[in-house]
Amino acid sequence: VEGMHGRVRAIGILLMTCTSVSSADMRQQTANHPYLFFNAAGLTRLRARLEREPLKSRWLVFLRNAERSLDQPVAVVGGQWDRKRARESLRVCGQTALAYAVTGDVRFGERAKAELSPVLSATRWLNPGNERFNRGADLATADGALITALVYDWCHDLFDEEEKAHVRQEIQRLAFDEYRTSLDKPDWWVRNPVTNWAGVCHGG
């Protein structure tokens, strides 16, 4: 498993363990936000868990890292996208979007939105050169999709309706359409259980 995705999935396991959101709860909450890894009730439980050990000290470290992200320059995509850019944006967005969801500190949410904007401006979420052997989605596509999903869900109340429509439009273009292209051929990784591409690209 790729390092950054591994860390994000580890955070996801922690969140699911803390919040214990059932599948029935998730189905009921999909019209509301947040619902990725936790819903509103789960978020309340998570906040309570983060106020005591063993999670309190780890959460304080996480918040310090999120604070550092506030002062870092926003990603410069310029239409180009690759895994190096993707991993850095995933780190910033994962930290700041979750920090906003838990604390309600708008500084974190706005920083996550600021990072997302250039991500959505990319021509394609594909690693340069991969088109030689891969028609549709790749690891960089999955990175972009995960970045967008986390910010859109955890910072949802900071987006106005026009911004929400724009995010949905761009994730359709940059992720879903590319993924559909991969399934139609299919690309080499689609039915390959050995490669990490399968887990990352199918999981997004």
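Leaving aside its neighbours within four places in sequence, which residues is Cys93 in contact with? I started my notebook there and found Leu98, Ala112, Glu115, Leu116, Ile147 and Val151, contact being heavy atoms within 4.5 Å.

Before going on, I noted that this is a predicted model, where local features need pLDDT of at least 70, side-chain atom pairs count only at pLDDT 80 or more, and totals for chains, interfaces and linings use all residues. Residues are numbered from 1 along each chain as its sequence is written, and side-chain values use heavy atoms, with hydrogens and water left out.

**Entry: Cys93**
I placed Cys93 in helix α5 (residues 83-103); helices here are DSSP runs of H or I, at least four residues, numbered from the N terminus. Cys93 is buried at a relative accessible area of 1% (buried is under 20%, with a 1.4 Å probe and protein chains only). I also looked up Leu146: it lies 53 residues from Cys93 in sequence, and the C-alpha to C-alpha separation is 9.6 Å.

**Entry: α5 with α7**
Next I checked how α5 sits against α7. Their axes come within 9 Å and cross at roughly 15°; axes are lines fitted to C-alpha atoms over the stretch in contact, with angles from 0 to 180 degrees between N-to-C directions. The two helices are therefore roughly parallel (angles under 35 degrees). The crossing is left-handed, so the near helix is turned anticlockwise from the far one by less than a right angle. Cys93 is one of the α5 residues in this contact, and Leu146, Ile147 and Val151 are among those from α7. I noted 14 nonpolar, 2 polar and 2 charged residues; nonpolar covers Ala, Val, Leu, Ile, Met, Phe, Trp, Tyr, Cys and Pro, charged covers Asp, Glu, Lys and Arg, and polar the others, Gly among them.

**Entry: α6 with α7**
I then turned to helix α6 (residues 106-120), which packs with helix α7 (residues 139-154) at an angle of about 140°, the axes 10 Å apart. Ala112, Lys113, Leu116 and Leu120 of α6 meet Ile147, Thr148 and Val151 of α7. I sorted them as 5 nonpolar, 1 polar and 1 charged.

**Entry: α6 with α8**
Last, I followed α6 to helix α8 (residues 161-184), where the axes come within 10 Å and cross at roughly 45°. This pair is therefore oblique, and α6 passes α8 in a left-handed crossing. Lys113 and Leu116 of α6 are among the residues in this contact, as are Glu163 and Arg173 of α8.

Key: Parallel < 35°, antiparallel > 145°, perpendicular 65-115°, else oblique. Buried < 20%, exposed > 50% of the residue type's maximum accessible area, 1.4 Å probe, protein only.
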